[in-house]
Amino acid sequence: MEVDGRRVSVIGLGCWQFGTRGWGYGTVFGEREAHAIVERALELGVTLFDTAELYGRGASERILGKALGDRVDSVFLATKFLPLLPTPRRLVAHCEASLRRLGAERVALYQLHLPNPLVPLGRQMEGMRRVLDRGLAAHAGVSNYSRHRWLAADRALGRPVLANQVRYNLLQRGAERDLVPFAAREGRLVVAYSPLAQGLLGGRYGPDTLPVDLRRRNPLFTPANLARAEVLLDTLRRVASGHGATPGQVALAYLCAQPPVVVIPGARSVAQIEESAAAADLRLSPDELGRLRAAAAAFVPDRRRALAQRVTRMAQRR
Ligand SMILES: NC(=O)c1ccc[n+]([C@@H]2O[C@H](COP(=O)([O-])OP(=O)(O)OC[C@H]3O[C@@H](n4cnc5c(N)ncnc54)[C@H](OP(=O)(O)O)[C@@H]3O)[C@@H](O)[C@H]2O)c1
């Protein structure tokens, strides 16, 4: 895929894991592994790198920038602004701070990390316009936006908002309803985050092998949901075995077969980025895509625990 004559790899690298203790940074892996992951990603032709000021409170940007070194301006670099107080001045100042941490002149994509419905979009996009006009970023992006809000952001910016980064994986396919068709029609990008459902689709976890990190808060990782995901995992394993591939690679290849979707799997080891990057060459047949879609549609999450957690939180707020 090309944007402004620059290649954007369909498989990118998500860098939330870098500098984030909840992902085991500093205990399970550290800066040495992070640098090796970035180095290997570059060798394998990955050009899309996604980070955010939020990740490790700037640590992810620092680690990524250091690992990229003087290659920082030649990749398709994407970072995000946390729009808690999205005044135009703060947007520009935060973008400049991100660039300093990254050691970059500009980023390819500057994204609003999530919607802030309390501040008019016109004001938020005024800040984004200043970022673009000052050459701090080549393109504007949003994240966790509905199609309706994406269109409103376009109008407020007065030019196309190139990308919307949303949660999209075989267990959470809401983006297929309207975001992917919209992006395909309008020449935009859907950047799929959590494309492996935070590792669940790799098939390593089950009701008896739960991860002991921030995923304990992810309602997909309850024993009930891991058990319910087995039907899909089984289909992933079967499709994978026909290609000499892994379930995780098939999960990524499914998303890459829905253009203009690009994926940004996170990695905690070199082996993981190697595995993910190789999924770019995996072509699934229409029959395989259909089988995966059917198995995914059969997954009905057990929402009881998520609901119970929400009720507890609401009660605590009173
Ligand atoms: N915009 C947003 O609001 C938002 C939200 C979340 C994430 N993101 C971005 O999206 C990126 C990716 O999302 P994510 O980290 O939530 O989830 P993900 O990419 O779906 O899952 C990452 C986890 O999957 C496992 N894994 C990695 N490669 C694998 C492979 N080839 N096969 C099987 N398992 C593999 C690893 O966990 P194990 O080591 O345990 O196997 C890894 O930590 C983040 O790094 C971040 O840049 C954005």
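Author: Sorted by class, the shell around the ligand holds 10 nonpolar, 15 polar and 4 charged residues; here Ala, Val, Leu, Ile, Met, Phe, Trp, Tyr, Cys and Pro count as nonpolar, Asp, Glu, Lys and Arg as charged, and the others, Gly among them, as polar. This is a predicted model, where local features need pLDDT of at least 70, side-chain atom pairs count only at pLDDT 80 or more, and totals for chains, interfaces and linings use all residues. Residues are numbered from 1 along each chain as its sequence is written.

Of the 29 residues around the ligand, G14, G199, G202, G248 and G266 come nearest (near means a C-beta atom, placed from the backbone, within 6 Å). Helix α10, residues 270-278, supplies the largest share of the shell, 3 residues (helices are DSSP runs of H or I with at least four residues, strands runs of E with at least two, numbered from the N terminus).

Now to the sheet. It is open, with 8 strands in the order β3-β4-β5-β6-β7-β8-β9-β10 and parallel pairing (a pair needs at least two DSSP bridges). β3 (13-14) and β10 (261-263) are at the edges with a single partner strand each, so one side of each has no neighbour in the sheet. Strands β4 (residues 48-50) and β5 (residues 76-81) are joined by 3 bridges, and D50 has A78 in β5 as its bridge partner.
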